[in-house]
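Please look over the sequence and the structure below. Then read the short report that follows.

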Amino acid sequence: MTYSQAEKEYFMTQALFEAEKSLAKNEIPIGCVIVKDGQIIGRGHNAREELGQAIMHAEIMAIQEANQTLGNWRLLDCTLFVTIEPCIMCSGAIGLARLPEVVYGAANQKFGAAGSLYDILSDSRLNHRVEVESGLMAEACAEIMQTFFRQRRLEKKQG
């Protein structure tokens with residue numbers, strides 16, 4: 001699963017398109033795609049408010065779609081691209097799906113579980129470890145989040 005820098009940026013751009021879907025629905029704008037053999041097999045974006053389910057994070061939605069696409073719960077030889085560092089729940093799901101590689105954009109200092117607060121994906125006590133690459137298009141990935149929270153603060157101030 002070796003991708004060129006241009007390919008990685010393409011897939012992260014696709015994850016950012018997913019994040020835009022969340023933003024349009026006033027959801028925290030995080031997006032994710034899962035890639036196998038150079039093809040996107042799963043897409044997801046935050047949809048907790050829309051679907052009324054706490055677990056509807058971008059990674060969970062993308063994993064579900066990729067499982068359906070492959071007809072298998074194991075996502076071997078796949079790479080997950082996500083705009084923001086996965087949380088504890090999503091890191092657990094990534095491990096359970098046996099994803100070997102995660103590439104994320106911006107760190108999540110308040111809830112991150114792939115290096116910021118916790119390091120679940122590479123914890124040697126677990127039976128599955130994931131190769132993690134961080135910082136891909138970090139500025140663009142952080143900017144969409146900052147814009148969302150800036151707008152939310154403004155709305156609270158005005159209303």
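## A buried glutamate and its bridge

In this predicted model, Glu18 has a relative accessibility of 2%. Buried means under 20%, so Glu18 counts as buried. Glu18 forms a salt bridge with Lys21. Their closest N and O atoms are 2.9 Å apart. Lys21 is partly exposed, with a relative accessible area of 40%.

Both residues sit in helix H1, three residues apart, which is about one turn of the helix. An α-helix has 3.6 residues a turn, so residues three or four places apart point the same way.

## Other salt bridges

The structure holds five salt bridges. One of them pairs Glu50 with Lys25, with the closest N and O atoms 3.1 Å apart. Glu50 lies in helix H2, and Lys25 lies in the loop between H1 and strand E1, so this pair ties together parts that are 25 residues apart in sequence. Glu50 is partly exposed at 43% relative accessibility. Lys25 is partly exposed too, at 38%.

Asp123 and Arg125 also meet through their side chains in a salt bridge, at 2.6 Å from N to O. Asp123 counts as buried at 18% relative accessibility, whereas Arg125 is exposed at 73%. Salt bridges that share partners join Glu18, Lys21 and Arg43 into one network.

## Two helices side by side

The axes of H1 and H5 come within 10 Å and cross at roughly 5 degrees. That angle makes H1 roughly parallel to H5. On the H1 side, the contact is made by Met12, Leu16, Ala19, Glu20 and Leu23. On the H5 side, Ala140, Cys141, Ile144 and Phe148 take part.

## Helix H4, inside and out

Helix H4 covers residues 88-96 and includes Ile88. Ile88 is partly exposed, at 38% relative accessibility. Together with Leu117 and Tyr118, Ile88 makes a nonpolar surface patch of about 290 Å².

Other residues of H4 are buried: Cys90, Ser91, Ala93, Ile94 and Gly95. The buried residues of H4 pack against helix H3, strand E3 and strand E4. Just after H4, Arg98 takes a positive phi of about 65 degrees.

## Positive phi in two loops

Asp77 is not a glycine, yet has a positive phi of about 60 degrees. Asp77 lies in the loop between H3 and E3. Asp77 is partly exposed, with a relative accessible area of 48%.

Met137 has a positive phi as well, near 55 degrees. Met137 lies in the loop between strand E5 and helix H5. Met137 is partly exposed, at 24%.

Key:
Residues numbered from 1 in each chain as written. Predicted model: local features only at pLDDT ≥ 70, side-chain atom pairs only at ≥ 80, totals over all residues. Heavy atoms only, no water. Patch = residues over 30% accessible without salt bridge, like charges linked within 9 Å, V, L, I, M, F, W, Y side chains within 5 Å. Areas by Shrake-Rupley, 256 points an atom, 1.4 Å probe, with all protein chains shown as cover. Salt bridge = Lys/Arg side-chain N within 4 Å of Asp/Glu carboxyl O. Helix = DSSP H or I, 4+ residues; strand = E, 2+ residues; numbered from the N terminus. Buried < 20%, exposed > 50% of the residue type's maximum accessible area, 1.4 Å probe, protein only. Contact = heavy atoms within 4.5 Å. Axes fitted to C-alpha atoms, helices over the stretch in contact; angles between N-to-C directions. Parallel < 35°, antiparallel > 145°, perpendicular 65-115°, else oblique.
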